[in-house]
Amino acid sequence: METASRTQDDAPAAELHVRAVPGLARIPAAAWDACATSPETLSAGDETFNPFASHAFLSALEESGCVSRKTGWLPLHVTVERAGKLVGAAPCYLKSHSQGEYVFDQGWAEAIERAGGAYYPKLQVSVPFTPVTGPRFLIAPGEAPDAAASAIVAGLRALRAETEASSIHVTFMREREWDQAGALGLLQRIDQQFHWENRGYSDFDAFLGDLASRKRKAIKRERREALSNGITIEHVTGPEITEAHWDAFYEFYVDTGARKWGRPYLNKKFFRLIGERMPERILLVMAQREGRWIAGAINFIGDVALYGRNWGCVEDHPFLHFEVCYYQAIEFALAHGLKRVEAGAQGEHKLARGYRPVAMHSAHDIAEPSLRRAVAGYLERERGYVQAAMDEYATMTPFRQES
């Protein structure tokens with residue numbers, strides 16, 4: 001797929017070429033990362049560097065085979081170029097299922113298939129297996145964000161027609177991009193997660209001091225009990241991460257993933273590649289007992305946030321999951337001046353641990369008119385339900401009333 005358009009001055013030098021690229025190996029890392037870190041696309045609270053939008057992370061998914069035609073995630077990244085220079089891009093995949101996305105549309109697929117239509121393939125603009133907000137319309141510094149976003153969406157729609165895909169889904173996008181997508185005619189959806197916010201705390205005790213007494217005591221008890229069986233915790237990052245750490249963590253990940261999902265999405269080669277390419281952006285929280293590691297969690301370090309992604313264990317201990325995944329993440333964020341901790345999708349239990357409800361944004365473009373109308377009505381009602389749930393969750397946090 002390749003299309004061309006011109007900007008308002010209509011000069012030949014301003015012509016934009018939009019094409020689909022089957023794999024990040026064909027896109028220079030420096031050009032991709034420049035678009036992924038452009039300050040002109042940022043709003044308050046956004047990060048300049050989001051580890052999951054980086055060429056290093058996304059290319060590791062491809063080179064390891066975690067995303068491929070075989071796994072139902074065929075890379076077809078949409079790029080916008082002017083005079084051979086990359087000015088915009090979107091991480092895009094042609095999908096044959098709805099797994100590994102965390103924004104659920106299986107009901108839409110069932111509806112169109114009951115009516116005799118086909119929902120798959122579809123186009124997914126996202127970071128595979130990663131329910132984390134980040135840039136989806138990647139725009140080079142110096143470019144007009146709205147014009148570049150318009151060119152990217154035009155390219156996505158052209159690719160949808162060429163691949164005979166039913167729809168385009170842009171998930172976990174920044175709110176500014178969500179507004180751009182809505183202005184370009186995409187259907188808008190919201191969901192929610194729970195994030196921890198650093199409100200200027202000097203240390204973990206200062207955070208606890210912001211909580212109601214009963215909740216503060218409960219967290220202290222959980223932390224004591226989590227480590228009561230002689231368990232110790234280690235933070236490992238950068239060059240400190242050894243092959244032995246990766247071997248142990250992968251054993252945890254596979255064991256827990258197999259019990260939860262049937263087949264883990266990520267393979268050992270992927271973890272080896274990111275360990276080589278971005279070790280300074282990785283934090284492993286490892287739990288040890290009687291001389292061996294028994295549990296661990298992988299986190300990614302952004303400029304503003306710490307992102308908890310995967311966890312696993314080979315021994316079950318009360319509250320160890322909360323300690324390794326939530327409390328240790330807060331400790332690290334406080335020690336390194338990070339503003340928030342994002343601990344993944346779902347989980348109302350995070351509320352009691354000081355995590356607050358936060359809106360997530362996605363946008364959807366459906367070709368079939370009757371399904372589009374039905375989904376538009378559903379999303380309008382759903383937005384009201386999600387907002388009401390967030391309002392209720394906000395009253396359930398453990399913070400003292402004056403906080």
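The model is predicted: local features require pLDDT of at least 70 and side-chain atom pairs pLDDT 80 or more, while totals for chains, interfaces and linings use all residues. Residues are numbered from 1 along each chain as its sequence is written, and side-chain values use heavy atoms, with hydrogens and water left out.

**Aromatic pairs**
- The whole structure holds 27 aromatic pairs (Phe, Tyr or six-membered Trp rings with centres within 6.5 Å; planes under 30 degrees apart are stacked, over 60 edge-to-face, the rest tilted).
- Phe57 and Phe270 form an edge-to-face pair, at 5.4 Å centre to centre and 85 degrees between the planes.
- Because Phe57 lies in helix H2 (residues 55-63) and Phe270 in helix H9 (residues 268-277), the pair ties together parts 213 residues apart in sequence (helices are DSSP runs of H or I, at least four residues, and strands of E, at least two, numbered from the N terminus).
- Ring pairs link a cluster whose members include Phe52, Phe57, Trp246, Tyr250 and Phe270.

**Charges over rings**
- Arg353 lies over the face of Phe322, 3.8 Å from the ring centre.

**Lining of the second largest pocket**
- Strand S16 (356-366) is among the elements that each supply at least two lining residues, and its four residues are the largest share.

Methods
A charge sits over a ring if NZ of Lys or CZ of Arg is within 6 Å of the ring centre and within 35 degrees of the ring normal.
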